[in-house]
Amino acid sequence: MTSAPTVLSIALDETSDPVLRPLPGEVARLLDEVGAPPRLVAHLRAVHDVADRLVDWVGRHCPALAVDREAVLFGAATHDIGKTLYPGELSGPGARHEQAGRELLLAHGVRPDAARFAGTHASWGAPGVTVEDLLVSLADKVWKNKRVADLEDLVVAELSRAGGRPVWQEFLDLDEFLTGLGEGADLRLAWQAAHPVHG
C-alpha cells in the first residue's frame, strides 16, 4: 500500500508526465506549514512551471522588457494560497481566497510586494498592475489553455512598448508561443486532478 503524497513531495519531487519544475523550497515549506490541500499544491506547481517558461520566452523574445523573474515565479507559486482557507474555491468559483491569500502570506513574513500576487492575479485591469502581475495572471490562465484576450492585449502592449515592434507582430508571436504552451494543458490538468482536494 502506497502512502498518500505529502505537500512536500507534490511540490518538490521529480515528475515525468508532465515534467514540471519544482516549487521553490521556501514556498514548499510554507505550503506544508499552512496545510495546503494536495490539489492546490499541484495547481501552484503547474502554474509555476508555465510562468517559468513564459518568463524565459519573454527574456529571449524581448530583452528590453525588464521583468523581475523571481517575483513572477514566487507570485505564480503562491497566487492561490488563500484557497487553503477556502478549499471550496479549488473546485468552484469564488474570490475570497484572493485577499485571504495576501493576508496569509503577510502573516507568514512574506514582503508585501511579493504577497501582492495573491490579490492581483485575477484583477489585471486594475490601476498600478505591473508586467510581473500580468505574467502571473497569464500563467494562471494558459496553464489550462484558457485564452483571455484583454489580458493578452495588455502583455502585447508591454512587449510592443519595450521592444518597439508593432503590436500586430507582438500579438502573432505571443499567440504562437501561448498556443504551444497550451498543448501541454491536458497533461497538466490530469496531473492536478490526480491530487485530492482534501488532504
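In which helix do D49 and R53 both lie, and how many residues apart are they? Both residues belong to helix α3, where four residues, about one turn of the helix, separate D49 from R53. Helices are DSSP runs (H or I, at least four residues) numbered from the N terminus. The structure is a predicted model, in which local features need pLDDT of at least 70 and side-chain atom pairs count only at pLDDT 80 or more, while totals for chains, interfaces and linings use all residues. Residues are numbered from 1 along each chain as its sequence is written, and side-chain values use heavy atoms, with hydrogens and water left out.

D49 and R53 form a salt bridge, with 2.8 Å between the closest N and O atoms. A salt bridge is defined as a side-chain nitrogen of Lys or Arg within 4 Å of a carboxyl oxygen of Asp or Glu. Within this pair, D49 is buried at a relative accessible area of 4%, whereas R53 is partly exposed at 36%. Buried means under 20% relative accessible area, exposed over 50%, and partly exposed in between (1.4 Å probe, protein chains only).

The structure holds 13 salt bridges. One of them joins the side chains of R21 and D52, at 3.1 Å from N to O. R21 lies in the loop between α1 (7–12) and α2 (25–33) and D52 in helix α3 (residues 38–61), so this pair ties together parts that are 31 residues apart in sequence. R21 counts as partly exposed because its relative accessibility is 34%, and D52 is buried at 10%. R21 and D52 are also linked with D56 and R69 in a network of salt bridges. A further salt bridge connects the side chains of R165 and D173 (2.9 Å, N to O). Here R165 is partly exposed, with a relative accessible area of 28%, and D173 is buried, with 17%.

The largest pocket has a volume of about 360 Å³. It is lined by 17 residues, of which H43, D80, K83, E89 and K144 are the closest to its centre. Helices α5 (96–107) and α8 (131–142) are the elements that give two or more residues to this lining. The lining of the largest pocket comprises four nonpolar, six polar and seven charged residues. A pocket is an open set of points on a 1 Å grid over the protein atoms alone, where a 1.4 Å probe fits, with protein on both sides within 12 Å along at least five of seven lines; lining residues have an atom within 4 Å of a point.

The second largest pocket has a volume of about 240 Å³. Among its 14 lining residues, those closest to the centre are E26, E70, A71, F74 and A114. Two or more residues each come from α4 (69–78) and α6 (112–115), and the largest share, four residues, is from α4.

Helix α8 also contains V131, which counts as buried at 11% relative accessibility. V131 and E158 are 27 residues apart in sequence, and their C-alpha atoms are 7.2 Å apart in space.

On the surface, W168, F171 and L172 form a nonpolar patch with about 330 Å² of accessible area together. Patches are made of residues with over 30% relative accessible area and no salt bridge, nonpolar side chains being joined within 5 Å and like charges within 9 Å. F171 is found in helix α10 (residues 167–182) and, at 37% relative accessibility, counts as partly exposed.

Note on methods. Accessible areas come from the Shrake-Rupley method with a 1.4 Å probe; for residues, only the protein chains shown count as cover. Grid points are joined across faces, edges and corners, and a volume is the space filled by probe spheres set on the points. Ala, Val, Leu, Ile, Met, Phe, Trp, Tyr, Cys and Pro count as nonpolar, Asp, Glu, Lys and Arg as charged, and the others, Gly among them, as polar.
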